[in-house]
Amino acid sequence: MKIDKNTINKIARLSRIKLDDKESEDYIKDLNSILDWVEQLNEVNTENVEPLSNISSSILPKREDVSNDTNSSEEILENAPDKLEGFFAVPKVVE
Amino acid sequence: MNNLIKGEKHDWEMVIGLEIHAQVKSNSKLFSSSSTKFGSSPNSQVSLVDAAMPGMLPVINKYCVEQAIKTGVGLNAKINNYSVFDRKNYFYADLPQGYQISQYKYPIVGEGKVTIDFKDGISKDIRIVRLHLEQDAGKSLHDQNPSKTYVDLNRSGVALMEIVSEPDIRTADEAGMYISKIRSILMYLDTCDGNMQEGSLRADVNISVRKPGDEYGTRCEIKNLNSIKFIKQAINYEAKRQIEILESGGSIEQNTMLFNTSTGKTRPMRNKEEAHDYRYFPDPDLLPLEISKEEIGKIKSSIPELPDELKNKFIETYKLSNYDASVLTAEKQTSDYFNETINSDPELKNHAKIVVNWITSELFSLLNKNNQDLNNSPVSPENLGQLIKLISTNEISGKIAKDVLEDMFSSGKTARQIVDEKGLQQVTDQGEIAKVIDEVIAENPKMVEQYLAGKDKLLGFFVGQAMKLTKGKANPKMLNDILKQKLNKKN
């Protein structure tokens, strides 16, 4: 797989990152060398090998269904650039 | 059954599949300890995990997992011992993480099915593809300010079950029946409160049209419908729109649509050039979810009686029709009420059909008229049972019983009290009825003549007169029998 200009633009848009031409060129180079390096793995024969999903033998920790009753409003909104009556206020997003 | 829509050249068939989002009934969220309570002040139930503060890690709620398994069992579905949480990536103001934790390739529940029952006794299976667990997003308010959107994250992170059906649905009515059935199962299981107004249960509809027998057509998805009425409206509108395009030689563009509840129309969402690219990948913060056979077995054994089992039990025990039994079991409160009523007196078991009718027509219409719910019905099951017993033992007539029920409803008195106080007992004394009939015959010699000359219809007139004299209390069958006897003797 090769990363080209179109792909890098698409990835940038999906990630909401603005790239100028120079940056795009740099990222194309960087990402391609990463992909080339990973592609070496294709040389290994993985037929009949189960995909490994978990390198530790630990199991998913679970919580009991208990809710805390603290009012988070003030703390949560503390860093908000804009707020109104307990709501976050953001630039209008309308579908 | 004809499910087709008349077209210009040929008939059309709808092909519909539903994705239902059901909020899991739990105290706390799927991956955090914030409360799930509805209607609290904005952003008051948001933990640092829900707000996606850096470094916060999700820890799964055990009870939500059990609720999903329970629901899977209720949908006759396969429970997967191994499932994985994935990140579904997209940007939106009410999704602080920038991704939703969901399940993609390995859902917790696999294939299942539910049955819907039609009025004519026919049933149909709708196959379920899967059920998976995921986080809900926050809530955006767009209409409060011309340049701002307000965001409340209280709902952010609440557990949802997404239930996906196969495209087995063929009409708007079937879609309505399907979602009602799912809602009913969820409520029997107590895994979702089923409250559609509050958004605890909502659906996306996938719909296409085709010439019967053809391959599936191109489908459109209508997003986020939160009432059965809107689901049906949206389906009918969208099918018509697609047929019009196809009949005028056009083709359907695969699209995501929104339904406008005030105009009753669907329209495509904007931004379609940004075709969804969610880049699913396993969430590195969460290990795979493994559930042992023992755990599944334990949950299975804790499952209450479900509507279909209960329906079959009612059919078998009380010889009810499939339709009556499915109406009774559609909502847990109805089947509970029926059970309590019929068990309030051993005699009533032989009059199950009458019990059904009194609940589903008389009592329901009174409740409707007064905007009340069976849960807080002023008439208790025991009292209704007492009233029905008075009918079945011929103590009062069915007609008078309706007035008694209304009285019970408004006064809270028992049927017995009302019947005694107002002296409504049916007259079953042969002599007394005969006396009244003699009176009627004596007063209407002309009518008697006409009747004897062959005008049979006049029988109703005599019955009416006699009923009037007894204030409606004469036993109708006895009245009829004696009346006929007496009139025929005149002949």
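Reply:

**The A/B contact and the chain B elements behind it**

In the predicted model, A:Val90 has B:Thr149 of strand S9(B) as its bridge partner. That pair belongs to a run of four bridges in which S3(A) and S9(B), residues 148–152 of chain B, pair in the antiparallel sense. In general, strands of a sheet pair through backbone hydrogen bonds, in a parallel or an antiparallel manner.

The contact as a whole draws 31 residues from chain A and 37 residues from chain B. On the chain A side, at least two residues each come from strand S1 (62–63), helix H3 (73–77) and strand S3 (87–91). S3(A) gives the largest share of that side, four residues. Sorted by class, the side of chain A that touches chain B consists of 14 nonpolar, nine polar and eight charged residues.

How far can the model be trusted here? Its scores are ipTM 0.87 and pTM 0.82. For chain B the mean pLDDT is 92, with 98% of residues at 70 or more.

Next, the strands within chain B. Strand S4(B), residues 86–89, and S5(B) pair in the antiparallel sense over four bridges, and B:Arg87 has B:Ile101 in S5(B) as its bridge partner. These two strands are part of an open sheet of three strands in chain B, ordered S5-S4-S15 with antiparallel pairing. S5 (99–102) and S15 (281–282) of chain B are the edges; each has a single partner strand, so one side of each has no neighbour in the sheet.

A further antiparallel pair in chain B is made by S13(B), residues 255–260, and S14(B), residues 265–268, again with four bridges. Within it, B:Leu258 stands opposite B:Arg267 of S14(B). The two strands form a hairpin with four residues between them, and B:Gly264 in the turn has a positive phi of about 75 degrees.

Then the helices of chain B. The axes of H1(B), residues 62–74, and H2(B), residues 172–189, come within 10 Å and cross at roughly 130 degrees. At that angle H1(B) is oblique to H2(B), and the crossing is right-handed. From H1(B), the residues B:Lys70, B:Thr71 and B:Gly74 meet B:Ile185, B:Leu186 and B:Leu189 of H2(B). By class, this contact of H1(B) with H2(B) has three nonpolar, two polar and one charged residues.

The crossing of H7(B) and H8(B) is right-handed. H7(B) contributes B:Tyr337, B:Phe338, B:Thr341 and B:Ile342 to the contact, and H8(B) contributes B:Ala352, B:Val355 and B:Ile359. The residues of this contact of H7(B) with H8(B) divide into six nonpolar, one polar and no charged.

Conventions: Residues numbered from 1 in each chain as written. Chains lettered and ligands numbered in written order. Predicted model: local features only at pLDDT ≥ 70, side-chain atom pairs only at ≥ 80, totals over all residues. Contact = placed C-beta atoms within 7 Å. Nonpolar A, V, L, I, M, F, W, Y, C, P; charged D, E, K, R; others polar. Pairing = 2+ DSSP bridges. pLDDT = per-residue confidence, 0-100. Left-handed = near helix turned anticlockwise from the far one by under 90°. Axes fitted to C-alpha atoms, helices over the stretch in contact; angles between N-to-C directions. Parallel < 35°, antiparallel > 145°, perpendicular 65-115°, else oblique.
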